[in-house]
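Please keep the sequence and the structure in view while reading the points below.

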Amino acid sequence: MTINIPENAEYIMKALRDKGFESYAVGGCVRDSLMGKEPCDWDITTSALPEQTGEIFEEQGCRVIKTGIKHGTVTVLKNYEAFEVTTFRIDGKYTDRRRPDGVFFTPRLEEDLKRRDFTINAITANCDGKVTDFFGGIDDIEKKVIRAIGDPDKRLGEDALRIMRALRFSAVLGFSIAPDLQKSLRKNSELLKDIAAERINAEFSKLICGKDFAHVLLNFTDIIEVFIPEITPCVNFDQKNIHHIYDAWEHSVRAAEAIPADPVLRLTMLFHDIEKPSCFFMGEDGQDHFYGHAKKSAETAERILRRLKFDNKTIKAVTELIALHDVEIVPEKKPVLRRLGKMGDENFQRLMAVKYADNAAQSPIVRNRREDFKKIEEIAAKAREESSCISLRSLSVNGRDLTEAGFPEGREIGKILRHLLEGVIDGKYENEKEALLKAAENFRKC
Ligand code: ATP
Ligand code: MG
């Protein structure tokens with residue numbers, strides 16, 4: 001069996017071969033090629049020692065970056081493409097269950113492949129594209145199954161991040177997880193508590209954007225609960241409310257399924273109702289009510305996202321959307337333009353996506369709310385088309401105009417601009433510089 005090796009990767013492997021070393025493409029690139037997908041990057045494994053790899057490519061005039069040399073990795077740039085070239089290695093003992101105590105180089109490819117996580121990630125191809133498969137990875141790709149190399153308990157015990165990687169590959173590739181590995185994932189899930197938040201984040205972010213993420217989150221909820229225990233009260237939380245057909249956790253996952261695969265949107269849906277159980281209140285009508293749950297859920301989401309080391313931009317976007325997810329927007333021009341003006345167009349569009357997704361995971365009885373959402377979107381689209389003033393940017397005065405007109409710099413300026421925008425949206429002011437400066441003056445006086 002052969003796969004197609006792109007020119008730059010072939011060049012790297014041939015240069016190593018010409019100096020008498022073995023070298024192979026390995027991991028995701030071979031797996032993806034066999035699945036008919038275009039790989040994002042090509043990792044190379046070689047019998048050459050890191051210093052030897054460095055010398056060979058410096059001699060060839062390539063840029064060589066040696067930051068990963070301790071772990072055997074040298075990055076080589078060929079035609080601006082980066083290749084990680086790693087010496088065949090065996091990982092030392094994992095006393096902290098996270099990182100090997102040391103790495104040892106080996107002249108044998110098979111030894112290197114044995115330390116890898118799953119059979120589908122341990123297939124190699126040489127510079128001619130000839131594929132070698134020691135552990136039945138090709139068969140597992142055909143069967144669409146994630147299987148550990150060796151004893152799952154031992155492998156997860158060495159590095160618990162593999163638990164997250166198994167879930168991530170299952171979600172992204174749409175593969176099942178072999179029964180012995182599944183059992184082991186559950187048995188060892190507590191070990192995730194020792195894994196750095198950044199590493200969990202990297203896998204979790206990919207997982208929730210995978211095509212089968214909902215299946216994974218619903219089948220392995222107990223594992224997700226280890227690092228997001230805040231979801232526990234939502235699991236099996238039966239909402240006695242005509243709007244709902246799922247428990248709170250399944251509703252959140254189904255809502256996430258109904259929104260595009262973007263981390264901000266997926267995180268928003270996953271956590272938008274997380275404080276529903278704590279806001280539960282039985283009304284006289286015999287229906288559940290959850291007053292204040294949006295704001296409280298936004299706060300809890302912020303805590304979770306900070307703990308998982310998400311960046312500030314993501315946290316801000318997610319929490320704003322959660323806090324507003326059930327805000328009522330009357331499908332009429334003024335309220336729609338006001339909301340648009342307040343949120344900005346990008347966030348407004350996201351909020352509408354959130355509303356559709358939330359609705360899609362509710363009871364069919366309330367599906368007709370979509371008619372209102374459609375009207376709201378039509379009003380917003382028309383405003384965009386007519387280039388109506390819907391954002392601070394489209395206002396005919398800006399902060400500088402105000403300071404030049406003698407308004408003191410600082411916070412006050414933002415407040416005045418927002419007041420002017422609201423006035424223009426409400427039809428109180430003309431979107432015209434002189435009129436707005438006058439309105440600003442009056443606003444300051446009162
Ligand atoms: P992707 O398409 O996401 O890049 P990948 O399989 O290339 O998937 P990487 O994280 O880039 O994943 O890792 C490259 C290879 O290194 C893997 O295919 C696997 O062989 C090995 N590997 C990575 N992380 C681990 C780990 N924690 N334990 C064992 N092997 C690992
Ligand atoms: Mg990779």
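This is a predicted model: local features need pLDDT of at least 70, side-chain atom pairs count only at pLDDT 80 or more; totals for chains, interfaces and linings use all residues.

Leaving aside residues up to four places away in sequence, arginine 168 touches Glu203, Lys206 and Leu207. Arginine 168 belongs to helix 7, which covers residues 161-173. Because its relative accessible area is 10%, below the 20% cut-off, arginine 168 counts as buried.

**The ligand and its surroundings**

- Arginine 168 is also one of the residues closest to ligand 1, together with Arg31, Asp159, Arg162 and Arg165. In total, 14 residues surround ligand 1.
- A polar atom in the side chain of aspartate 159 lies 2.9 Å from a nitrogen atom of ligand 1.
- In the case of arginine 116, an N or O atom of the side chain is 3.1 Å from an oxygen atom of ligand 1.
- Glycine 28 takes part through its backbone: one of its backbone N or O atoms lies 3.2 Å from an oxygen atom of ligand 1.
- Ligand 1 taken alone exposes 590 Å², and the protein buries 76% of that area.

**The protein as a whole**

- The secondary structure of the protein consists of 22 helices and 13 strands.
- Along the principal axes, the C-alpha atoms of the protein fill a box of roughly 80 × 60 × 40 Å.
- The protein has 446 residues, and 51% of them count as buried.
- Among the contacts in the protein with a separation of 6 or more, 64% join residues 24 or more positions apart.
- The protein has an accessible surface of about 21900 Å², and carbon and sulfur atoms account for 48% of that surface.
- There are 70 positive and 75 negative side chains in the protein, and the centres of these two sets lie 2 Å apart.

- Tryptophan 249 is part of helix 12, which covers residues 248-257. Its relative accessible area is 4%, so tryptophan 249 is buried.
- Apart from neighbours within four places in sequence, the contacts of tryptophan 249 include Leu217, Leu218, Thr221, Ile231 and Leu270.
- Tryptophan 249 and phenylalanine 105 are 144 residues apart along the chain, and their C-alpha atoms are separated by 46 Å.
- Threonine 119 is located in the loop between helix 4 (109-114) and strand 8 (123-125). With a relative accessible area of 2%, threonine 119 is likewise buried.
- Residues touched by threonine 119, not counting those up to four places away in sequence, include Phe135, Gly136, Asp140 and Arg147. With aspartate 140, threonine 119 makes a polar contact from side chain to side chain at 2.7 Å.
- From C-alpha to C-alpha, threonine 119 is 9.2 Å from valine 145, a residue 26 positions apart from it in sequence.

**A loop with positive phi angles**

- Most residues other than glycine have a negative phi. Asparagine 79 has a positive phi, near 50°, and tyrosine 80 has a positive phi of about 70°.
- Asparagine 79 lies in the loop between strand 4 (73-78) and strand 5 (81-87). Tyrosine 80 is also found in the loop between strand 4 and strand 5.
- Are these residues buried or exposed? Asparagine 79 is exposed, because its relative accessible area is 51% and the cut-off is over 50%. Tyrosine 80, at 83% relative accessibility, also counts as exposed.

Definitions and conventions
Residues are numbered from 1 along each chain as its sequence is written. Chains are lettered from A and ligands numbered from 1 in the order in which they are written. Side-chain values use heavy atoms; hydrogens and water are left out. Helices (H or I, at least four residues) and strands (E, at least two) are DSSP runs, numbered from the N terminus. Buried means under 20% relative accessible area, exposed over 50%, partly exposed in between (1.4 Å probe, protein chains only). Contact means heavy atoms within 4.5 Å. Accessible areas come from the Shrake-Rupley method with a 1.4 Å probe; for residues, only the protein chains shown count as cover. Lys and Arg count as positive and Asp and Glu as negative; His and the chain ends are not counted. The place of a charge is taken as NZ of Lys, CZ of Arg, CG of Asp or CD of Glu. A residue is near a molecule or strand if one of its heavy atoms lies within 4 Å of it. A polar contact is a pair of N or O atoms within 3.5 Å; within protein, one must be able to donate a hydrogen and the other to accept it, and residues adjacent in sequence count only if both atoms are side-chain atoms.
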